[in-house]
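Have the structure open as you read.

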Amino acid sequence: MFLNSLSSAISFVPAAGRLRCRPPAIRAMDAAQPFDMEAQASDLMDRRVRLKIAIIGFGNFGQFLAQTFARQGHTLLAHSRTDHSAAAASLGASFFSDPNDLCEQHPDVVLLSSSILSTATVLRALPIQRLRRNTLFTEVLSVKEFPKNLLLKHLPPYFDILCTHPMFGPESGKDGWDGLPLVYEKVRIGDYGDRAERCKRFLDIFEREGCRMVEMSCAEHDACAAETQFLTHTVGRLLSMLDLKSTQIDTKGYEALLKLVQNTGSDSFELYNGLFMYNKNSTELLERLDMAFDSLKKDLFGKLHDVLRKQLFEDSSEN
Ligand code: NAP
C-alpha cells in the first residue's frame with residue numbers, strides 16, 4: 001500500500017524540470033504517507049491487541065463469553081465433548097472436535113470453561129505438548145482454589161496461569177457486563193517477553209466491557225463465594241421448587257425473589273453441584289442455613305405454642 005502511494009505520487013512528477021516539480025510530488029507523498037502509516041500502525045496495533053483464544057468447554061457459558069470475545073475482534077477456536085460446530089460457526093469461531101488439531105493452531109490463550117466436575121478430566125485429555133511453550137492458560141470456573149491447584153500441578157512451568165471468575169452469567173449479563181465483577185488472580189505470569197502484556201490484554205477484554213476488576217486470591221474468593229454465590233444458588237433452587245407465580249399484587253421483595261429464581265434457574269445442576277463439592281466453605285454454609293431455618297421455625301412455633309397453651313388454660317379456668 002505504501003509502495004502504491006509512492007508510485008502514484010511519482011507518476012505525477014513531469015519528465016522535464018524534475019527539480020522544480022518535486023515539491024508538489026513530495027506534498028502528494030506527504031498527503032498519502034500519514035494515511036498509509038496510520039493504516040499500517042492500526043494494523044500492527046490490531047495484531048498486538050487481538051488474541052487467538054481457544055475455548056475448551058463450549059457449552060452455555062463458553063458460548064456466552066465467545067459472543068463478546070468475537071465482537072471485540074479476537075480470533076476464536078473452540079473444543080467441546082459435544083459437537084457445537086453450528087453454534088461456533090454462528091459466532092465466527094472455528095470448532096475442533098479433535099483437541100490435537102486445536103492445539104496445533106497455537107492459540108495465545110487457552111480458556112477452560114468446562115463444568116467444575118469435569119475440568120480435571122478435560123485438562124488431562126488436552127495434548128498440551130502441541131501448544132507453544134509460551135501459552136497463557138486461564139479458566140472461568142465458579143470455584144477458584146481447585147482449578148488453581150489443578151493447573152499448578154498439571155502444567156509445566158513455562159505456561160502462564162491466570163485464574164478468573166466472571167461473577168455473572170448468560171442471564172445476569174445478557175444486557176451487558178457494565179459494573180459486573182470480574183475476580184482474578186495472576187497465579188503465574190512470566191516476567192519475560194510479552195507475557196505480562198498478553199495477560200493484561202486478556203483482562204482488558206473485561207475491562208473494556210466495563211467490568212469491575214477485582215484482584216483477589218483464589219482462597220479469598222472461595223471464602224466469599226460460599227456466602228454470596230452458593231447461598232444465592234441454594235435459595236434460588238429452593239424457591240424454584242415452590243413453583244412461584246407472579247400475581248397482581250407482587251411487592252418489590254417478591255419480584256426480587258422471582259428474579260432470583262429466573263437468574264439461577266438456567267444454570268445446570270452440574271454447576272451447582274460443583275459449587276458445593278469443590279468449595280470447602282459450602283458445607284459449613286449449608287449447615288448454617290439449616291440451623292438458621294430450624295431456629296426460625298422454633299421461634300415461630302414456640303410463640304404459637306405459647307398462645308395455644310394460654311388459650312387452653314384460660315378455657316379450662318372458665319369451665
Ligand atoms: P456447566 O454445566 O458447569 O459446564 C458445561 C460444560 O462442561 C460444557 O461445555 C460441557 O461439555 C462440559 N462438560 C460437562 N461434563 C463433561 C465431561 N464429562 N467431559 C467433558 N466435558 C464436559 O455449565 P456452564 O454454565 O457452561 O459453565 C461452564 C463453566 O463456567 C463452569 O466451570 C462454571 O462454573 C463457569 N461459570 C459459569 C457461569 C454461569 O453463569 N453459567 C458463570 C461463571 C462461571 P459439552 O459442551 O459437551 O456439553
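Is D160 buried or exposed? D160 counts as buried, with 1% relative accessibility (buried is under 20% relative accessible area, exposed over 50% and partly exposed in between, using a 1.4 Å probe and protein chains only).

## About the model

This is a predicted model, so local features need pLDDT of at least 70 and side-chain atom pairs count only at pLDDT 80 or more, while totals for chains, interfaces and linings use all residues. Residues are numbered from 1 along each chain as its sequence is written, and side-chain values use heavy atoms, with hydrogens and water left out.

## Strand β6

D160 sits in strand β6 (strands are DSSP runs of E with at least two residues, helices runs of H or I with at least four, both numbered from the N terminus). Its side chain makes a polar contact of 3.1 Å with the side chain of R198. A polar contact here is a pair of N or O atoms within 3.5 Å; within protein, one must be able to donate a hydrogen and the other to accept it, and residues adjacent in sequence count only if both atoms are side-chain atoms. Beyond its neighbours within four places in sequence, D160 is in contact (heavy atoms within 4.5 Å) with several residues, including T135, F137, R188 and R195.

H165 belongs to β6 too, a strand covering residues 160–166. H165 is buried, at 3% relative accessibility, and its side chain has a polar contact of 3.4 Å with that of Q229. Among the residues H165 touches, leaving out those up to four places away in sequence, are V140, P181 and H221.

## Helix α3

Q63 is part of helix α3, residues 60–71. The Q63 side chain reaches the backbone oxygen of F58 at 2.8 Å. Not counting residues up to four places away in sequence, Q63 touches F58, H84, A87 and L91.

Helix α11 spans residues 269–277, and its buried residues are Y272, G274 and L275. These cover an arc of only 155° around the axis, so they lie on the same side of α11 (the arc is that of the directions from the helix axis to the C-beta atoms). They pack against α9 (218–240) and α12 (280–318). F269 and M277, on the other side of α11, are exposed.
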